[in-house]
Amino acid sequence: MSLLFRPSLHHFLSVRLLGTATLRRLNGEQHAASHFPGGSTPLAALSFEDPSAFRVKSFRELIRALGVFKFCSFPMLVNNSGKLISLTRSLLGKRGFSLILRPTVYAQFVAGETEGEIAVAMEKMSSLGLRPMLAVPIEEDLGESIGEHRYNENLEAMLECVRLSCSNALTKDPMMQLKMTALISPELCVKLTSLLSEQQYDLDLLVRAMDGELISFPGLTETENAHFLCGLQRLNKVGEASVMKVRVLVDAEYTYMNPALSLVTMAMMKKFNQKEAWIWNTYQCYLKSFCLGVKLVRGAYMDKERKLANQESRPDPIHQSWEHTNDSYNGSLDIMLDLISQHPQRYRLIVATHNEESVRHAASRMAELGLDKKSGSVCFGQLLGMCDHVSLTLGQQGYPIYKSMPYGSVDDTVPYLVRRAQENRTVLQGIRKERDLLRLELRRRLRMPLGR
């Protein structure tokens, strides 16, 4: 069967709302009073208030986390982090800059640079009941295209990430993250997004192009078409290397290129998700001819999205309030959990959020639906160095919890860290609770008798 892809927000919204209403009507909410198989924990048992979760951290790690989070609590410093880093590097030089950054911000948010450092970080995550999810910190935005040779180098980095992800024997069901713009130029993605608003693309054509067939895609110039073919073949190599080994979670990027990214992700799903979900997208789709893996996120590009929409006189694509975003996230969460309760082998979900309310909501709903938390159909995800009180508690309660672990040299990861800091500054400024719990644990240790 040939599948056509033409994104429509109204279509997605209608399908999602209809799906929820239909499932609830068919289910009659009969799962609400179900028991808790597989050790599923009732809501009351899942608490993120206990500083004892940090007892697994060393004294140095506590001090470092408190210092970094204190720095991140100042909006002026976070907003101007790129300029501050450039100034510091110019004053201290590359070596001096690395000596300051490596034991502080870099150590808090990055797994390491060498294979040995990464292996140690992965083993530590596993020993804490957490699952490492490696991420190559390579991405592009408009005006940053780097040429075919560099995209091929990025491919080698992605293939190395696949190898590293499945090298840790302690990690069950390994995952990794992938940004499409590391392998396909953002300019082409924007062009494809524009074309998709006017015409449909046959997913079978993309799959054939992945297999090496010389397809001519409508609307593209000869140069654009050649680059698209190369990009699809690069992604095919990632898919072939990872299938049956590592689940690949395709990251969400900007809305002005997201339909194109979804198009390519759907094609990868069509090819590689025949029996199980190995390629995951970041939002729900309506195609049912393959297994579906969903990474559910709130989103991190709010300021830039609104700025671009204003510049181009487009409607603001972002919800007007935090409460509306919460409703949207938790509503989508309910849809996916309902689907998983019906077909646990066909649908998989990673609840990627630092929001405690949403984590509790997911855990409570899983228990109500009788979903076995050990089955792997539903897992949780947070960034390395953040929200550890939630991550460690989930791990201690037996939930599959992944920590996104970027890796690379200081120079390679600085642009990634700056972008993540600016995109997530509302989260960084709201980590007062985690700082308070870290302080409580630090005071407990300082009161302990010497030698203990």
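This is a predicted model: local features need pLDDT of at least 70, side-chain atom pairs count only at pLDDT 80 or more; totals for chains, interfaces and linings use all residues.

**Entry 1: a buried pair**

I looked up Asp251 first, and it is buried, with a relative accessible area of 10%. Residues are numbered from 1 along each chain as its sequence is written, and side-chain values use heavy atoms, with hydrogens and water left out.

Which residue forms a salt bridge with Asp251? I found Lys295, with the closest N and O atoms 2.8 Å apart. The two come from distant parts of the chain, 44 residues apart: Lys295 sits in strand β7 and Asp251 in the loop between β5 and α10. Lys295 counts as buried too, at 10% relative accessibility. I call it a salt bridge when a side-chain nitrogen of Lys or Arg is within 4 Å of a carboxyl oxygen of Asp or Glu.

**Entry 2: other salt bridges**

I searched the whole structure and got 31 salt bridges. One of them joins the side chains of Glu115 and Arg163, at 2.9 Å from N to O. Glu115 belongs to helix α5 (residues 115-127) and Arg163 to helix α6, so this pair ties together parts that are 48 residues apart in sequence. I checked their cover: Glu115 is partly exposed at 43% relative accessibility, and Arg163 is partly exposed at 36%.

Next I picked Arg445 and Glu441, whose closest N and O atoms are 2.8 Å apart in a salt bridge. Both lie in helix α17 (residues 432-447), four residues apart, which is about one turn of the helix.

**Entry 3: the barrel**

In what order do the eight strands close into a barrel? I read it as β2-β3-β5-β6-β7-β8-β9-β10, with parallel pairing. Neighbouring strands of this sheet are turned by 30° against each other on average, direction ignored. Strands count as paired if DSSP finds at least two bridges between them.

I followed some of the pairings. Strands β3 (residues 175-178) and β5 (residues 247-250) run parallel and are joined by four bridges. Leu178 has Val250 as its bridge partner in β5. Helix α10 (residues 258-272) packs on the sheet and touches β5, β6 (279-281) and β7 (292-296), its direction making about 150° with that of β6. Contact here means heavy atoms within 4.5 Å. For angles, axes are lines fitted to C-alpha atoms, for helices over the stretch in contact, and the values run from 0 to 180 degrees between N-to-C directions.

**Entry 4: around β10**

I then turned to β10, where six of its six residues are buried. Ile401, Lys403 and Met405 point one way, while Tyr402, Ser404 and Pro406 point the other way.

What pairs with β10? Strand β2 (residues 131-135) runs parallel to β10 and is joined to it by five bridges, with Tyr402 as the partner of Arg131. β9 also pairs with β10 in the parallel sense, over four bridges, and Phe380 stands opposite Ile401. Helix α14 (residues 388-396) lies across β9 (378-383) and β10 (401-406), running at about 135° to β10.

**Entry 5: two loop residues**

Cys387 has one of about 60°, in the loop between β9 and α14, and Cys387 is buried at 5% relative accessibility. Asp173 has one of about 55°. Asp173 lies in the loop between α6 (148-165) and β3 and is buried at 18% relative accessibility.

Conventions. Buried means under 20% relative accessible area, exposed over 50%, partly exposed in between (1.4 Å probe, protein chains only).
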